[in-house]
Amino acid sequence: MNEFFAVFGRDDFLNQLLVHVELSVAALLIGVVVALPLALATFRSPLWAAVAINTGNIGRAVPSLAILALVFPLLGFGFAPSLVALTLLAIPPILINASTGLRQVNPQVIDAARGMGLSGGQILSSIQLPIAAPVIFAGIRTSAVQVVASATLATFVGGGGLGDLIVLGLQRNDPAVLIAGSLAVAALAIITEVGFGALERAFTPKGLLVARKRAHTPSK
Amino acid sequence: MSSFKAGLVVLQSDLGPKTLDWKWISNNLSDEIIPAVIGHVYLSFVSVAIALAISLPTGVLVSRYRKAYPPVTFVTGLLFSVPSLAAFALLVTVPGIGLGPRAVIIALVAYSLLVLIRNVVAGMDSVAEETKDAARGMGLTPRQILFRVELPLALPVIVAGVRIATVTIIGIATIGAYISGGGLGELIFTGISRNFPTRVIVGAVLATLMAITADLALLWLERLLRPWARVRRA
């Protein structure tokens, strides 16, 4: 038990934890920066929105190990190839949710805003984006949890992270390292899930909560 | 960010794109690639089947005893958020499980429970109260109502859950090869360790194709089971 706790104090544990967080945060940020403008550029046209959503759906079906493994023959081992792969994994959930969220905004609300004299940019920034925000954040949350979990696999293409500890523990038959690494990853994933859940609630406009309570429609 | 620099150095080295070794593919098709595909289908199919056998009764019970729903989703949600490599590694240390397909199947079943139970409950909820009343009025027993009215009407939503679970499982099963579970992941891992990209590409591409095929096939089944939605759209 003591050697198990000792793992958490070791330098390599802290280093790998740091690499894991670096990889995940960078991949998620780049994912948001790529996916959100794509959704904004396509959601007005039914054809392009369908292309974006369907590409996203197919992208979501691609196994994470497959993406990491396919990046390896092209870019080789290391942190940067892992980051590329994780970014590719981060994009689909955000793209799907941002597109569907923006398209779900009631056209009557937009008509009303236009009637009040709001410009296209104002409608986007003060009507469409706030109303779509909870759905967009749900997408970012899905993406974040997936990236944190998949960053564990970066160890197989030399990207480092907490997966290194799990693999080390398995190879050396050292349960203390293995369990410490596994629990740290699991905790990181659960913290991400809960943290982004709170963020999602924080970004839900108050008016939307009232409307939801009044309509009492199950969100599907 | 020293690891980032190391990554860039690797990027610049001579590891660049290599062409597929088609000869290796044709030479190893019957004794390596096809068995890996079959192993992968087996792992995924058995896991979904076991998970469904657990989730169907659990979902039906939970839809009746609503108080049990939050704790069930909490526990299965916790299982779902544990990263797969961590789950596999932890299961290997459990006495009586160890390396091999057994640990992989246990983890895959655990992953599918949340999605499946959630969809069984949502499916049962989607059956209109009037429909059940009508069935009761026609003299059907509660058991007949469950099997002849509720479950058939809930089926499309349940299949939607099976679809998500299957795609997830096909993906995660590749990682199971690391703890000797077999399947397409084995081609990926041996390819990486021997620095032989053809193996990696074959394993990854086949796993991707399998996931996308399962996704589309189950989507088709879901639409087939929902004829009323098609009529309304037309």
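The following legends describe several close-up views of a predicted model.

In this predicted model, local features need pLDDT of at least 70 and side-chain atom pairs count only at pLDDT 80 or more, while totals for chains, interfaces and linings use all residues. Residues are numbered from 1 along each chain as its sequence is written, and chains are lettered from A in the order in which they are written.

**View 1. Chain A is built of helices.** Chain A has 10 helices and zero strands (DSSP runs, numbered from the N terminus: helices are H or I of at least four residues, strands E of at least two). The C-alpha trace of chain A spans about 70 × 40 × 25 Å along its principal axes. Buried residues, those with 20 or more other C-beta atoms within 10 Å of their own C-beta, placed from the backbone, account for 47% of the 220 residues in chain A.

**View 2. Helix H9 of chain A.** This helix covers residues 175-202, 28 residues in total. From first to last C-alpha H9(A) reaches 40 Å, close to the 40 Å expected at 1.5 Å a residue (1.5 Å times one less than the number of residues). Buried residues of H9(A) include Val177(A), Leu178(A), Val185(A), Leu188(A) and Thr192(A).

**View 3. Chain B against chain A.** Here 39 residues of chain B are in contact with 40 residues of chain A, contact meaning C-beta atoms, placed from the backbone, within 7 Å. Helices H1 (2-12), H4 (84-93), H7 (142-176), H8 (185-193) and H9 (197-224) of chain B each supply at least two residues of the side that touches chain A. The largest share, 10 residues, comes from H9(B). By class, this side of chain B holds 26 nonpolar, 11 polar and two charged residues (nonpolar: Ala, Val, Leu, Ile, Met, Phe, Trp, Tyr, Cys and Pro; charged: Asp, Glu, Lys and Arg; polar: the others, Gly among them).

**View 4. Helices H7 and H9 of chain B.** H7(B) and H9(B) pack at an angle of about 175°, with axes 9 Å apart. That angle makes H7(B) roughly antiparallel to H9(B) (over 145 degrees; axes are lines fitted to C-alpha atoms over the stretch in contact, and angles run from 0 to 180 degrees between N-to-C directions). Among the residues that meet are Val159(B), Val167(B) and Ile170(B) of H7(B) and Ala211(B), Leu218(B) and Glu222(B) of H9(B). The contact has 13 nonpolar, three polar and three charged residues.

How values were computed. Two residues are in contact if their C-beta atoms, placed from the backbone, lie within 7 Å. Angles under 35 degrees count as roughly parallel, over 145 as roughly antiparallel, 65 to 115 as roughly perpendicular and the rest as oblique. A residue is buried if 20 or more other C-beta atoms lie within 10 Å of its own, exposed if 12 or fewer, and partly exposed in between; C-beta atoms are placed from the backbone.
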